[in-house]
Amino acid sequence: MGSPIVLGIESSCDETGAGLVRDGRLLGHAVASSMAEHARFGGVVPEIASRAHLHALRPVVRHALDDAGLRLSDIGAVAVTTGPGLSGALQVGLAGAKGLAYALGVPLYGVHHLAGHVAADTLAHGPLPDPCVVLIVSGGHTSLLLVRDLARDPIRHLGDTLDDAAGECFDKVARVFGLPYPGGPAIDRTARTGDPRAVAFPRPLPGSYDFSFSGLKTAAARWAESHRGRELPVADGAASLQEAVADVLSRKAVAACAEYGVGTLVVVGGVAANSRVRALTERRCRAAGIELRVPPVNLCTDNGAMIAAVGDLLVRARAEPAPLDVSIDPSAPLEYAALHPVTVRAVAA
């Protein structure tokens with residue numbers, strides 16, 4: 001008999017996700033997005049996201065079970081995102097996960113959201129090589145990591161976002177360009193008919209593995225302002241912006257692989273779905289003799305399957321489950337895949 005089936009629950013932002021994994025194999029998953037409800041505000045509204053999670057959590061778990069052909073009683077462990085993310089949204093997912101774990105009498109595991117993105121690749125390509133370099137690119141995070149055993153070892157940061165992440169840059173510039181939310185997919189679509197060499201946007205922090213996209217965002221805004229009173233060549237701007245982001249991400253990731261003698265690069269997170277980021281990184285990896293692993297697009301964005309994948313790794317590594325009073329940490333740094341913060345309560349004098 002194999003390992004227990006792990007149910008993963010993700011609710012850190014505007015997607016409610018549930019996934020089921022056993023022995024590294026994805027059995028079924030489902031995602032409900034509240035993105036359409038946020039679109040008219042141009043970004044995620046925390047209160048709306050939390051309420052959407054409350055309505056979606058139970059149906060999403062049911063749909064994931066139906067997708068896998070399983071029943072609640074088949075679940076042997078529950079994993080849930082405990083940070084980072086929106087506080088109210090995280091609380092909804094954790095409360096649901098605690099209730100299920102308690103009712104089923106199974107262990108509960110708290111999972112770091114970004115470790116989930118890393119583990120998502122294992123569902124498509126099998127175990128991660130030890131070591132590998134991982135580039136996480138999403139709306140709120142851009143990090144370059146050296147990863148060994150994801151379930152057991154500390155995660156080494158080679159570089160991180162100093163200000164705006166790549167996805168945040170796309171969202172904010174898309175608004176300036178008059179494109180709809182979410183900005184990343186809109187930039188990608190619009191760039192297809194543009195010239196990536198039309199605008200000489202800057203490449204931030206060329207001598208570092210850290211990332212900074214606030215200057216690029218400002219440069220794009222100033223370029224748009226320079227066309228005031230004239231038609232803005234949006235396609236050229238989108239293509240040039242996308243090229244700058246893809247150039248920075250792929251160049252630094254490949255350089256890190258070379259410096260640390262690592263033969264595999266894993267690119268994960270929502271921005272890993274960007275067509276130019278994928279294409280340019282693939283070209284540079286091929287030229288450098290580096291294996292590139294990128295999850296399928298449906299596993300790049302937030303989902304419960306990736307959280308279940310971490311839970312499955314923790315179960316098989318015989319990691320300690322979370323205590324009953326496990327809490328959330330909305331700004332948790334990525335140190336380990338497991339994240340079991342406990343709220344410290346003041347003791348009355």
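Let me begin with the aromatic residues: the structure, which is a predicted model, holds three aromatic pairs. In one of them the ring centres of Phe177 and Trp223 lie 5.6 Å apart with the planes at 65 degrees, and since planes over 60 degrees apart count as edge-to-face, that is the class of this pair. The pair links distant parts of the chain, given that Phe177 sits in the loop between helix 5 (166-176) and helix 6 (183-191), while Trp223 belongs to helix 7 (residues 214-225), 46 residues apart. Both Phe177 and Trp223 are buried, and together with Phe201 these two residues form one aromatic cluster.

Another pair has a different label, so let me give its numbers as well. Phe211 and Phe213 are stacked, with 6.4 Å from centre to centre and 15 degrees between the planes. As for accessibility, Phe211 has a relative value of 1% and therefore counts as buried, and Phe213, at 0%, counts as buried too.

Now to the helices, starting with a packed pair. Two packed helices are described by the angle between their axes and by the distance between those axes. For helix 4 (residues 113-125) and helix 11 (residues 304-316), the angle is about 85 degrees and the axes are 7 Å apart, which means that helix 4 runs roughly perpendicular to helix 11. Which residues of helix 4 and helix 11 meet? On the side of helix 4 they are His113, Ala115, Gly116, His117, Ala119, Ala120, Thr122 and Leu123, and on the side of helix 11 they are Ala305, Met306, Ile307, Ala309, Val310 and Leu313. Sorted by class, this contact of helix 4 with helix 11 comprises ten nonpolar and four polar residues, and no charged ones.

Finally, helix 3 (residues 87-104), whose 18 residues reach 26 Å from the first C-alpha to the last, close to the 26 Å expected at 1.5 Å a residue. Its buried residues are Ala89, Leu90, Val92, Gly93, Leu94, Ala97, Leu100 and Ala101. What covers these buried residues of helix 3? The cover includes strand 1 (5-10), helix 2 (46-68), strand 4 (75-83) and strand 5 (108-112). Just after helix 3 comes Gly105, which takes a positive phi of about 70 degrees.

How values were computed:
Residues numbered from 1 in each chain as written. Predicted model: local features only at pLDDT ≥ 70, side-chain atom pairs only at ≥ 80, totals over all residues. Heavy atoms only, no water. Axes fitted to C-alpha atoms, helices over the stretch in contact; angles between N-to-C directions. Helix = DSSP H or I, 4+ residues; strand = E, 2+ residues; numbered from the N terminus. Parallel < 35°, antiparallel > 145°, perpendicular 65-115°, else oblique. Contact = heavy atoms within 4.5 Å. Nonpolar A, V, L, I, M, F, W, Y, C, P; charged D, E, K, R; others polar. Expected span 1.5 Å × (residues − 1). Buried < 20%, exposed > 50% of the residue type's maximum accessible area, 1.4 Å probe, protein only. Phe/Tyr/Trp six-rings, centres within 6.5 Å; stacked < 30°, edge-to-face > 60°.
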